[in-house]
Amino acid sequence: MRTKSQAMVSAGAAALLSVWLAGCMVGPNYKRPQVAPPPAYRGADNAVTDAAQTASVGDQNWATVFQEPELQDLIRTALKNNYDVQIAAKRVLEQQAQVKITRAAEFPTLSGGGTGLGAELPNSLGNQVGSNPLADGSFSFSAAWTPDFWGQYRRATEGARATLLQQVWAQRAVRMSVVQQVATAYFTIRALDRQLEISQETVKIRQQSVDLTKRLTDGGSSPLSDLRQAEESLYTATSEIPQLEQQIQEEENALRLLLGQDPGTVAHTDPHALDPVPQALPTGIPSQLLERRPDILEAEEQLINANAQIGVAKAQFFPQLSISASAGLGGDEWSNLFDPGGHTVYGIGSLTQAIFEGGKLKGQLNLAKAQKEEMVLNYQKTIKGAFRDVSNALITVNKTRATREQQERLVASAEDASRLARMRYQGGATSYLEVLTTDATLYSAQLNLVTAQQNEALSLVTLYDALGGGWQE
């Protein structure tokens, strides 16, 4: 029997061994590469106060950014039914299972089995059945374990977990993309709706001009050329209507696909969809982008996995110890099948060390190191690209707002010029050509104003996406 001191020594040795096994992992531990962010985004509004600089529209839920009830319903449906979102969710589940598979290599395996044979033969004297049984059977258990002395399996598990998080961030990137695509499609449809309304109103006005010009021509007050010019102006507007209707229906079908639905109509009647974008939108500081944008975090998890693979490759250079053990019970009669006296136990331990692999191990290590260096560059590139995206989005917000404001002034002037030209024509002070020219200018300016309003609305979508918003629940 062991003494108390011997038991304490054994327990201490076991504890030290477990600590050593846990701590001995070859290969570098991950350290995030240093990337110096710019002090501020180019194109940011200087009017934003210092107190608001840490806040960002990218931290807000999509329902706070896009407040149109119709659009919110569409986004909500898309996030539930979109096929890309569902596929991304399945990939996360797949990688969760892969982590379990990879981690299983760290633990011993245990298996068991048994065989049995039984029969009853006739009694040789009385020719009766049942008095001379024969039996043979065995039960066996086996276990095997390869201790992870060098951290090969733990590094592999570390890499698998990084890949799992990579899939999680990829799923969030898909959610973010779906929000962006739905909002873009919705604002595009609302712009087409407005252009269709303008074209239909223009057709009514130009039809009235054709009717008036026809009366004047029939009465001899206007030449036939005025009538033909009025008709050309009318048909220019009427030809736009079927094209706009076609674009609306195609955009609806595209939006329905995002919703995971068959082609059909969608609700798009909100009158405030193309309202001006709020000014001085908070963007936060550039360093926050590293913790918010899914593509940056996905690239970092790829880097973590590549770093872990270096440890897996290095562990191949060291000896590998394999331990196996088996135990069994058996007998030739059912009565002594489980008799402890018939048991057998044996164990085997083997130690292997690679001596010559033709450069394979060295090549694997060099490959892992090169892949990590590639992932470092990819991570840095992704960050720089994110800073560029935000800067471009901020510039777009500011410039599309300025364009929309100037286009509004142009429409106001064109409306007044068209009104004055009609008055002058009716008073005989000018030719009908001036009416046609001012009318065409007004029509074009109205359509361009809608395009400017659409671009401004889409600039908010682009900025929100660039700041890493849209994946939040």
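The chain holds nine helices and four strands, taken as DSSP runs numbered from the N terminus (helices are H or I with at least four residues, strands E with at least two). Read from the N terminus on, the elements run α-α-α-α-β-β-α-α-α-β-β-α-α. The model is a predicted one, in which local features need pLDDT of at least 70 and side-chain atom pairs count only at pLDDT 80 or more, while totals for chains, interfaces and linings use all residues. Residues are numbered from 1 along each chain as its sequence is written, and side-chain values use heavy atoms, with hydrogens and water left out.

The mean pLDDT (the predictor's confidence in each residue, from 0 to 100) of the chain is 86, and 84% of the residues reach 70 or more. Over residues 4-17 the pLDDT stays under 50, and the model has three contacts (heavy atoms within 4.5 Å) beyond four places in sequence for this stretch. Residues 47-51 also have a pLDDT below 50, again with three contacts beyond near neighbours in sequence. Where pLDDT is low, the predicted coordinates should not be read in detail.

Turning to the chain as a whole, 39% of its 473 residues count as buried, where buried means under 20% relative accessible area, exposed over 50% and partly exposed in between (1.4 Å probe, protein chains only). The accessible surface comes to about 26400 Å², of which 56% belongs to carbon and sulfur atoms; these areas come from the Shrake-Rupley method with a 1.4 Å probe, and for residues only the protein chains shown count as cover. Among contacts with a separation of 6 or more, 83% involve residues 24 or more positions apart.

Seven aromatic pairs are present. The rings of Phe-66 and Tyr-464 have centres 5.7 Å apart and planes at 85 degrees, so this pair is edge-to-face. Phe-66 sits in the loop between helix H2 (62-65) and helix H3 (69-81), whereas Tyr-464 belongs to helix H9 (residues 432-466), so that the pair links parts of the chain 398 residues apart. Rings of Phe, Tyr and Trp (its six-membered ring) pair if their centres lie within 6.5 Å, with planes under 30 degrees apart counted as stacked, over 60 as edge-to-face and the rest as tilted. Phe-66 and Tyr-464 are both buried, and they form one aromatic cluster together with Tyr-186 and Phe-187. Elsewhere, Arg-172 lies over the face of Trp-169, at 4.6 Å from the ring centre (a charge sits over a ring if NZ of Lys or CZ of Arg is within 6 Å of the centre and within 35 degrees of the ring normal).

Salt bridges (a side-chain nitrogen of Lys or Arg within 4 Å of a carboxyl oxygen of Asp or Glu) number 19. In one of them, Asp-389 meets Arg-293 at 3.2 Å, N to O. Asp-389 lies in helix H8 (residues 360-426) and Arg-293 in the loop between helix H6 (224-258) and helix H7 (294-315), 96 residues apart. Asp-389 is partly exposed at 23% relative accessibility, while Arg-293 is buried at 7%.

Within helix H8, Asp-416 and Arg-419 are three residues apart, about one turn of the helix, and their closest N and O atoms are 2.5 Å apart in a salt bridge. Another salt bridge joins Arg-424 and Glu-434 (3.5 Å, N to O). Arg-424 lies in helix H8 and Glu-434 in helix H9, so this pair ties together parts 10 residues apart in sequence. Finally, salt bridges that share partners join Arg-293, Asp-295, Arg-388 and Asp-389 into one network.
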